[in-house]
Amino acid sequence: MRFYLALWASKALLCVLKLLKRERDDKPGLLAYRICKNFNEKVTKPNIVVAVTGTNGKTTVSSLIANMFKNSGKTVSYNDWGANTLAGHARCLIASVNIFNKPIKDVVVLEVDEMTSVETLSVLNPTYIVVTNIERDSIRRNDNPDYIFNRLKEGIASVNPKKLFLNADCPISSFLSDKNVVYYSVSKIRDEIVDYKSKDFIVCPKCYNDVVYLYQQYRSIGKFYCPSCGFKSKDSDYVLTVLDKSVFLEFNNKKEEYPLLSDSIFNLYNEVAVLSLFKELGYSYSLLRELISSVSLPKNRVEEKIVNGVRVLKHASKGQNVSASSIVFETLSSTFSSKAIVLLLNENYGNINGTETVTWLYETDFEFLNKESIKKIYVGGPRFLDYKLRLELAGIPVDRIVAVEDEKELINFLEYDGIEEFDILYEVDNVSTADYFFNYIVNDLGDKKYED
């Protein structure tokens, strides 16, 4: 009776929130969980429950999977705002059943926080689990990769999914399990081996000698081997290769062509993870090609407009996340167009009780931003002097840095001459400020006239 009371009360609250157009809210799940502590365990699941977890890429991958299921004609329950803990999962499951606890959806797609996976996976009992990667994250959120590896390994061991999808190029997450595993990877993109400031994987976990990378896609992601004991990367069941504006998926001596969703290396891994899942679900080539063509990356992660020949891009770049920020900085530095960058990476805006130390700035590769092509870097907020100091220590000339305490005052310092691209990098909880800058720059560029 406690379970049904939780189900009916939370459904009633969900109806009220829908009438108020505020249904993108975890409150119904929180209510259900407070009334019935094992609500998520007792609620009936559909035949397909997909859990997506990992340090980076969870929201993108789960969004693509949910939208492709929808476009294939299936009914889907999915929290598209990234609610990835117990209350968020409860909110998603409430919408997947009727008042008699009978499934009314074909599929449930759940983003699972890797830190809490020990508590969440066992009660969700997903039929498929996709792990994107395990990388260095925020000190406050996730401590270090070894700790998260052990948490996630324990969570996965508590369930028995039909298939577990692991990134063969991630030297940490690829060794989470060897049971019902499907490995995916991306073929070699570059020859360069980069000496990053922080390194997630440099020592062989078997013999503790240094590993050697055959190639490195970014940070710790790539193919490695240990010259001392022979320990090496996993072989892949699905390999994605990029060619111009297409990608080729190789598996079982077959080769299928699909559209390229994004040429950024981390989104290539997101795409191959999604394609691997749907191939294992038995989707035909023609249908899968149609479905992957029907989706795009979530706009809350990347958005682009071209105004008077100038590209304006808005990228999510997790603040206090060493891996995510370093990857974005490296990607921006790899192109030669003249660009200006607006950094909106502050988290909690200097709340002394809610944010960690600034040590993450010194583990993050700001040195990538020291490029001739990057003409200006704008940064503001309570930590503006910390960012300014870090940029200067990265060797960036002072005349390229604009740092003010009030972020929104940065619009008074924007310069457009000679700029071919504006990149707005923002912490995922700072969407409103990013939208403000994006819209302002787009409108401002629209009012200006440029000579060819």
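## Cores and a helix pair

Start with Ile-65: skipping neighbours within four places in sequence, this residue is in contact with Val-50, Val-52, Val-109, Val-130, Val-274, Leu-277 and Phe-278. Keep in mind that this is a predicted model.

Ile-65 also shows up in the largest nonpolar core, a set of 112 residues, where Ile-65, Phe-39 and Phe-69 touch the most other members. The top contributor to this core is helix H9 (residues 265–280), which puts in nine residues. Apart from this core there's another one, with 24 residues, including Val-312, Ala-316, Tyr-426 and Phe-438.

Next, Val-49, which sits in strand E1 (residues 48–53). Is Val-49 buried or exposed? With a relative accessibility of 2%, Val-49 falls under the 20% cut-off, so Val-49 counts as buried. Leaving out residues up to four places away in sequence, Val-49 touches Val-108, Leu-110, Pro-126, Thr-127 and Tyr-128. As for Ile-441, 392 residues from Val-49 in sequence, the C-alpha to C-alpha separation is 41 Å.

| Helix | Span | Residues in the contact |
|---|---|---|
| H6 | residues 117–124 | Ser-117, Val-118, Glu-119, Leu-121 |
| H8 | residues 145–157 | Arg-151, Leu-152, Glu-154, Gly-155, Ile-156 |

By type, the residues of the H6 contact with H8 split into four nonpolar, two polar and three charged. How do the two axes lie? The axes of H6 and H8 come within 8 Å and cross at roughly 15°. That angle is under 35 degrees, so H6 and H8 are roughly parallel to each other. Their crossing is right-handed.

Notes
Residues are numbered from 1 along each chain as its sequence is written. This is a predicted model: local features need pLDDT of at least 70, side-chain atom pairs count only at pLDDT 80 or more; totals for chains, interfaces and linings use all residues. Side-chain values use heavy atoms; hydrogens and water are left out. A nonpolar core is a set of buried Ala, Val, Leu, Ile, Met, Phe, Trp, Tyr and Cys residues joined through side-chain atoms within 4.5 Å. Buried means under 20% relative accessible area, exposed over 50%, partly exposed in between (1.4 Å probe, protein chains only). Helices (H or I, at least four residues) and strands (E, at least two) are DSSP runs, numbered from the N terminus. Contact means heavy atoms within 4.5 Å. Axes are lines fitted to C-alpha atoms, for helices over the stretch in contact, and angles run from 0 to 180 degrees between N-to-C directions. Angles under 35 degrees count as roughly parallel, over 145 as roughly antiparallel, 65 to 115 as roughly perpendicular and the rest as oblique. A crossing is left-handed if the near helix is turned anticlockwise from the far one by less than a right angle, and right-handed if clockwise. Ala, Val, Leu, Ile, Met, Phe, Trp, Tyr, Cys and Pro count as nonpolar, Asp, Glu, Lys and Arg as charged, and the others, Gly among them, as polar.
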